[in-house]
Amino acid sequence: MTPETARPFIDVHAPVAQALAAGRPVVALESTIITHGMPYPDNGAMAANVEKIIADGGAVPATIAVVNGRIKIGLSDGERESLAMTGDAMKLSRADLGFAVAQGRTGGTTVAATMIAADMVGIKVFATGGIGGVHKGAEKSFDISADLDELARTPVIVVSAGAKAILDIEKTLEVLETRGVPVVGHGCETMPAFWSRQSPFRAPLTLHGPEDIAHFYRTRLALGLGGGMLIANPVPESHEIPAEEMAGYIEAAQKAAEALNVTGKAVTPFLLGKILELTGGRSLKTNIALVENNARLAAEIAKAL
Ligand code: PSU
Ligand code: MN
């Protein structure tokens, strides 16, 4: 739960505040995907378009970020566009969200930090592309995203296209199970892998449609089980890049990261950038399509709640 003492640090954009006060559906959006996940100007165009999809779907979009130390729940068009152009934004997770506020810094919020901020104002649904997870080679590097812990503790529904295929999906699923996070395939029995509709792993749970997802969320709440849940929504077939094809690009990107000794927070942005390069921009088109697809579903879930 969020302490009242957080309020003075938060700016809720007027349309979001009105919707929350009236109990109308709101969908949160992350901003690391804007600041670190995609190049300019595609990032800004994607962010604007995803907001529009949510609005067209009958919910109010709330893109979350930290701007000059203020936690922003919903951005104006100008704020969103200048965030897209910022070259030196921080990448903020639970560990550094408070630092950015204390130091008056600007940063994109990851899945973890976006969940925290959404929960502070009572937003229950959040759309993203892919969550962070257990990186390949984590048994050596210990690189496990804080997104997984956040899913275990913060009661927000995260709509994703699964875990990025640059991760170890099997270990990511294991950690989520250990931490008690339900992982729900939306209309699929197989866990999707971000750019691809299929991974070699089964989706732990399957539900069909926003009504059943909303009902499951309410039931968990009533049972006092705590924490969030992950919805894995496969990328539309028309935009999929088959897993066999992605595997080569991912391996090459991983090799490049190792050769350049890329570690810590830089790993995910580096791999995404490298894969974009290797696919000649095709991975970016797929990334945009799957975020849009998730935004559509998230709006439906927010309405069902
Ligand atoms: N999805 C994308 N691009 C991204 C991310 C997700 O398509 O850049 C971001 C999310 O914000 C996610 C973060 O929370 O990557 C995970 O980073 P890390 O592995 O360092 O925790
Ligand atoms: Mn990491």
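Helices and strands here are DSSP runs numbered from the N terminus, with helices being H or I runs of at least four residues and strands being E runs of at least two. Please keep in mind that this is a predicted model, in which local features need pLDDT of at least 70 and side-chain atom pairs count only at pLDDT 80 or more, while totals for chains, interfaces and linings use all residues. Residues are numbered from 1 along each chain as its sequence is written, and chains are lettered from A and ligands numbered from 1 in the order in which they are written.

Let me begin with the ligand. Ligand 1 is surrounded by 19 residues, a residue being near a molecule if its C-beta atom, placed from the backbone, lies within 6 Å of it; the closest are T32, G37, G129, G132 and S145. At least two residues of this shell come from each of helix 2 (32-37), helix 8 (146-153) and helix 12 (267-278), and helix 2 gives the largest share, with four residues. Because domain 1 (1-123) and domain 2 (127-304) both contribute to the shell, ligand 1 lies between them; the domain bounds come from an automatic or database domain assignment.

Turning to the strands, two strands pair if DSSP finds at least two bridges between them. Strand 4 (residues 70-73) pairs with strand 1 (residues 10-12) in the parallel sense over three bridges, with K72 as the bridge partner of D11. Strand 3 (residues 60-67) pairs with strand 4 in the antiparallel sense over four bridges, and V67 stands opposite R70.
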